[in-house]
Amino acid sequence: MKVFASFALIVAILAVALGYCDGGALTLLRMELIFWLQRPYTGPEIVVEIIGVDLNNRANRFLDRWSRPDTFVTIEHGQTERHITQVEGNTYQPRFLWKTKMRFYETMGMRFLVSDANVLRGDDVVGRAYIDSDRIAEMMRTGEPGLLSLGENIGIMKIVVTLPPSDLKEKGALPFTSKVKRLDMP
């Protein structure tokens, strides 16, 4: 595989030197090579579930001019992990019931950003929350939900952090756990 990567890089450098393509093509090729040659992640994983957000009506009444805010949550963990929930429209108490499995960096915390989705202008930040790695480990151990403050008098957010189920950790096909008969079974 390394021979192919070095050969592709030499071809790209020659193409740029001879004027067949610009430097942007070389950058694109480099990014593709990094993507294809990196090793798969085998570290610990967690499941983050965002139950909902309760916003204070009085503090957040000016987010949308004629209606209630259309909120969504962005999760950041580590340098590259970013997950965005769906937009729940026209409410001060959105219930996302949104769940994702993501990598777990044991020395890093999680950042949550609650935003108001806008069509004509940029999204407004409603509030921010942060939990450190110790609290994440405690939530995984106990399985209890956490209430995070979004700022003074702005609102709270309810999340749950757990370990992924054992059937999601297995390699190969997922086991069939439904009570409905499969189509290929008699």
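This is a predicted model: local features need pLDDT of at least 70, side-chain atom pairs count only at pLDDT 80 or more; totals for chains, interfaces and linings use all residues.
**Entry 1: helix H3**

I started with helix H3, residues 133-142, and found Ser133, Ile136 and Met139 buried there. Looking down the axis of H3, I see these buried residues fall within an arc of 120 degrees, so they line one face of the helix.

Which exposed residues sit on the face of H3 turned away from the buried side? I looked, and that face carries Asp134 and Arg141.

Next I checked what covers the buried residues of H3. The cover includes strands E5, E6 (124-131), E7 (146-149) and E8 (155-162). Just after H3 I also noted glycine 143, which takes a positive phi of about 80 degrees.

**Entry 2: histidine 77**

I moved on to histidine 77, which is found in strand E2. Buried or exposed? Histidine 77 comes out at 0% relative accessibility, so I wrote it down as buried.

Then I looked at its polar partners. A polar atom of the histidine 77 side chain lies 2.9 Å from the backbone nitrogen of tyrosine 105. The side chain also reaches the backbone oxygen of glycine 109, again at 2.9 Å. Leaving aside neighbours within four places in sequence, I listed the contacts of histidine 77: Met102, Arg103, Phe104, Tyr105, Met108, Gly109 and Met110.

**Entry 3: salt bridges**

How many salt bridges does a search of the whole structure find? I got five.

One of them joins lysine 99 to glutamate 49, with the closest N and O atoms 3.9 Å apart. Lysine 99 lies in strand E4 (residues 95-103) and glutamate 49 in strand E1 (residues 45-55), so this pair ties together parts that are 50 residues apart in sequence. Lysine 99 counts as exposed, at 54% relative accessibility.

I then turned to glutamate 76. Its salt bridge with arginine 82 has the closest N and O atoms 2.3 Å apart, and arginine 82 is exposed, with a relative accessible area of 53%. Glutamate 76 also meets arginine 111 in a salt bridge, at 3.2 Å from N to O. Since glutamate 76 lies in strand E2 (residues 71-77) and arginine 111 in strand E5 (residues 110-116), the pair ties together parts that are 35 residues apart in sequence. Arginine 111 is partly exposed, at 35% relative accessibility.

Key. Residues are numbered from 1 along each chain as its sequence is written. Side-chain values use heavy atoms; hydrogens and water are left out. A salt bridge is a side-chain nitrogen of Lys or Arg within 4 Å of a carboxyl oxygen of Asp or Glu. Helices (H or I, at least four residues) and strands (E, at least two) are DSSP runs, numbered from the N terminus. Buried means under 20% relative accessible area, exposed over 50%, partly exposed in between (1.4 Å probe, protein chains only). A polar contact is a pair of N or O atoms within 3.5 Å; within protein, one must be able to donate a hydrogen and the other to accept it, and residues adjacent in sequence count only if both atoms are side-chain atoms. Contact means heavy atoms within 4.5 Å. The arc is that of the directions from the helix axis to the C-beta atoms.
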